[in-house]
Amino acid sequence: MFLDVSQAFVRVWHPELLYKIKIHLPSFFPLLEPYLSNRQFRTRVKGEVSLLLPINSGVHQGSVLGPILYLLFTSDLPQAPNITIGTFADDTVILICHNDILRASSCLQEYLLILQSWLQTWKIKINESKSTYLTFTLRNDPGPPIYFSNVEIPPAATAKYLGLHLDNKLNWKDHIIKKRKQMDLRHKELYWLLGRKSHLSVDNKLLLYKSIIAPTWTCGIELWGCACKSNIAVIQRRQSKILRAIIDAP
């Protein structure tokens, strides 16, 4: 289950966050308490300024402290046997492994009921329409439906998590095709520097390729590098084409 947290950084309520900081990091509480308390905002529209209103929730997205405070706020996610929870900032995935697909679905559904209660307690909202449910199996049966807040989570054939496109059979074909398209896009944007008519030296062209284009497809290669040779060849052919243009080879 890949959960989409609605307005994750906006819905971090300051009183609840300070409560958790005081319990888990009491030495940092005197430093963070004034940072989160007595904050105000106002809006300016065409020269007109609104009244000052209090800010009771939210951490600064894009700041250094923002993701750390969000992780503190969600650090006590409920645990359960045979359940693995993966979190990276507001990207949350719930994993369960079992030979019986019905048993796996049942355990996942039981945990979601526990998680739903915890989310309601701490006023965290899940966007059910953007959350996805994926069964990794070689069978054609996706399993029984899964519900969250009485809303059926749609099963999916693929899911994107931390830049990786995971398919239900883990053959990585979808991921490799999308990475090849990203390579095409970046190469098109840099063709005036990497193309055959560019006056840059080969060393500088290779430096641009290794710095900008190569990271597009090498990210997560420790996982998808086990794909079959026919899928790997998709990246290899595109890479060869780019390198021939870099050195102006026929």
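Mentor: The model is predicted. I begin with the helix pair α7 and α9, whose crossing is right-handed. Helix α7 covers residues 202-218 and helix α9 covers residues 229-246. Their axes come within 11 Å and cross at roughly 160 degrees, which makes α7 roughly antiparallel to α9; an angle over 145 degrees counts as such. On the α7 side the contact is made by V202, K205, L206, Y209, I213 and W217. On the α9 side it is made by I235, Q239, I242, L243, A245 and I246. Sorted by class, this contact has 10 nonpolar residues, one polar and one charged.

Helix α9 has another partner, helix α5 (residues 173-189). Here the axes are 9 Å apart and the angle is about 10 degrees, so α5 is roughly parallel to α9; the cut-off for that is under 35 degrees. From α5, the residues K173, I176, K179, R180, M183, D184 and H187 take part. They meet N231, I232, V234, I235, R238, Q239 and I242 of α9. The class count for α5 with α9 is six nonpolar, three polar and five charged residues.

Three strands form an open sheet in the order β1-β7-β6, with antiparallel pairing. The edge strands are β1 (2-4) and β6 (84-88), each of which pairs on one side only. Neighbouring strands are turned against each other by 20 degrees on average, with direction ignored.

Strand β7 spans residues 91-95 and is joined to β6 by five bridges. Within this pairing, T87 stands opposite T92, and I85 stands opposite I94. The two strands form a hairpin with two residues between them, and A89 in the turn has a positive phi of about 55 degrees. F2 has V93 of β7 as its bridge partner.

Helix α4 (residues 101-121) packs on this sheet and touches β1, β6 and β7. The direction of α4 makes about 140 degrees with that of β7. Helix α4 is also one of the elements against which the buried residues of α1 pack, together with α2 (29-36) and α3 (65-73). In helix α1 (residues 14-24), those buried residues are H14, E16, L17, L18, K20 and I21.

A further hairpin is built from β10 and β11. Strand β10 covers residues 158-161, and the two strands pair in the antiparallel sense over four bridges. K160 has H165 of β11 as its bridge partner. Two residues lie between the strands, and L162 takes a positive phi near 55 degrees.

Which way do the residues of β11 (residues 164-167) point? L164 and L166 point one way, whereas H165 and D167 point the other way. In a regular strand the side chains alternate between the two faces of the sheet. All four of these β11 residues are buried, H165 and D167 among them.

Terms used: Residues numbered from 1 in each chain as written. Predicted model: local features only at pLDDT ≥ 70, side-chain atom pairs only at ≥ 80, totals over all residues. Heavy atoms only, no water. Axes fitted to C-alpha atoms, helices over the stretch in contact; angles between N-to-C directions. Parallel < 35°, antiparallel > 145°, perpendicular 65-115°, else oblique. Left-handed = near helix turned anticlockwise from the far one by under 90°. Contact = heavy atoms within 4.5 Å. Nonpolar A, V, L, I, M, F, W, Y, C, P; charged D, E, K, R; others polar. Buried < 20%, exposed > 50% of the residue type's maximum accessible area, 1.4 Å probe, protein only. Pairing = 2+ DSSP bridges.
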